[in-house]
Amino acid sequence: MLDELREIERQGLSAIEGAAEAETLEAARIQFLGRNGALADAIGRIGAVSIEERPAAGKLANQVKQRLHGAFDEKQSAFDRLATEEEGAGIDPTLPGRAAWRGGVHPVTAVIDEICDIFRELGFSRVRGPEVETERYNFTALNIPLDHPAADEHDSFYLENRHVLRTHTSPMQIRTMETFQPPVRVVVPGMCYRRDPYDRSHAPAFEQIEGLAVDETIDFIEFRSSIQYFVRRFFGPGRRTRFRPSYFPFTEPSAEVDVSCGICDGSGCPTCKETGWLEIMGSGMVHPAVFRAVGYDPERYTGYAFGMGSGRIAMVRHGIPDIRLLYEGDMAFLSQFST
């Protein structure tokens with residue numbers, strides 16, 4: 001991997017420095033620094049190298065990125081100066097100036113807004129909650145005992161007085177049900193924190209969006225239909241859904257939800273690991289113990305809940321190979337998604 005990164009640097013610098021015109025320079029940028037370029041591809045595979053080599057590979061990848069960006073910026077500045085000198089007195093001062101770049105919506109934020117808008121069509125309200133929670137809201141009221149691995153200090157960030165940085169947005173299920181009587185329909189976006197390694201598919205701080213629906217007549221058919229409606233609206237009418245049995249302490253029955261791969265249309269490809277499916281969320285019918293924790297009658301009320309990582313959904317939407325690309329602040333990368 002180290003040799004591959006050095007070769008990307010050598011070829012990239014050669015292509016940038018040898019560019020004779022702006023078009024050639026842009027082509028070199030896309031080839032080596034674009035979201036599907038050689039460097040992004042190499043970064044996406046760092047997680048597969050041995051644990052011993054991974055820190056050196058990550059450090060070298062950042063150095064290569066900085067050097068290539070520096071060489072690109074320097075070359076671009078040289079082209080700009082040359083263009084100004086050549087135009088000279090031929091510049092028409094009456095022409096309107098170039099509009100300054102004013103920024104744009106981050107791709108994860110855009111995904112969150114779109115998901116909330118889709119569920120609003122189904123009667124869901126958007127709510128937010130605190131990022132510092134008690135053990136009750138984050139664990140026990142959600143039917144997660146404190147001897148569960150998720151409540152261990154090696155998995156969660158604990159603060160003073162046994163408070164915790166929330167590990168999911170599910171605590172707002174409890175807070176909402178304690179505040180309102182059914183019917184309840186809410187979606188809850190927000191930041192979550194876990195002691196996960198920072199690699200191509202995990203981050204210790206990430207956006208999650210949770211959903212909860214509770215009423216007297218909700219059944220699994222309505223739950224499945226709502227998720228299928230979301231998939232068709234978000235991913236397109238041709239995408240299929242698959243529900244796989246799973247386990248979550250706060251839902252019963254529980255299911256992982258997959259969507260058919262948009263690259264191979266379900267036939268199998270490297271993007272979907274040859275399965276034809278991409279996992280997008282965990283979900284299920286609300287466990288009676290959760291209803292009892294908030295004072296709801298589980299014999300009267302039923303409901304469903306779901307949760308998904310907004311960054312992971314953005315990766316599926318845009319074909320991004322490494323979640324770190326979303327959070328490193330690389331404006332050359334993120335500007336590709338601005339509208």
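Strands β6 and β7 form a hairpin, with 2 residues between them. The model is predicted; local features require pLDDT of at least 70 and side-chain atom pairs pLDDT 80 or more, whereas totals for chains, interfaces and linings use all residues. Residues are numbered from 1 along each chain as its sequence is written, and side-chain values use heavy atoms, with hydrogens and water left out. Helices (H or I, at least four residues) and strands (E, at least two) are DSSP runs, numbered from the N terminus.

Pairing here requires at least two bridges found by DSSP between two strands. Phe 248 stands opposite Thr 251 in β7. On to the next pair: β7 and β8 run antiparallel and are joined by 8 bridges. In this pair, Val 259 stands opposite Leu 278 of β8. Of the 10 residues of β7, 8 are buried, so this strand is largely enclosed by the rest of the structure. Buried means under 20% relative accessible area, exposed means over 50%, and partly exposed lies in between (1.4 Å probe, protein chains only).

These strands belong to an open sheet of 7 strands. The order is β1-β4-β5-β9-β8-β7-β6, and the pairing is mixed. The edges are held by β1 (125-126) and β6 (241-248). Each has a single partner strand, so one side of each is left without a neighbour in the sheet. Elsewhere in the sheet, β4 (residues 184-193) and β5 (residues 205-215) run antiparallel, joined by 10 bridges. Val 184 stands opposite Val 214 in β5. In a regular strand, side chains alternate between the two faces of the sheet.

Helix α7 (residues 171-179) lies across β4, β5 and β9 (302-309). Helix α7 runs at about 35 degrees to β5. Angles run from 0 to 180 degrees between N-to-C directions, with axes fitted to C-alpha atoms, for helices over the stretch in contact. Helix α8 (residues 220-235) also packs on the sheet, touching β4, β6, β7 (251-260), β8 (277-286) and β9. Its direction makes about 150 degrees with that of β8. Contact means heavy atoms within 4.5 Å.

Tyr 229 is placed in helix α8. Its relative accessibility is 26%, so Tyr 229 counts as partly exposed. Tyr 229 touches Ile 118, Glu 121 and Leu 122, not counting residues up to four places away in sequence. The C-alpha atoms of Tyr 229 and Ile 118 are separated by 8.7 Å, although the two residues are 111 residues apart along the chain.

Helix α10 (residues 310-318) has Ser 310, Gly 311, Ile 313, Ala 314 and Met 315 buried. The cover over these buried residues includes α5 (107-120), β5, α8, β8, β9 and α11 (324-327). Gly 319 follows α10 and has a positive phi, near 70 degrees.

The cysteines were then examined. A disulfide is a pair of cysteine sulfur atoms within 2.5 Å. By this rule the count is 0 disulfides. Cys 116 is in no disulfide, and the nearest cysteine sulfur, that of Cys 192, is 13 Å away. Cys 116 counts as buried because its relative accessibility is 5%. Cys 261 is likewise in no disulfide. For Cys 261, the nearest cysteine sulfur is that of Cys 269, 3.7 Å away. With 1% relative accessibility, Cys 261 also counts as buried.
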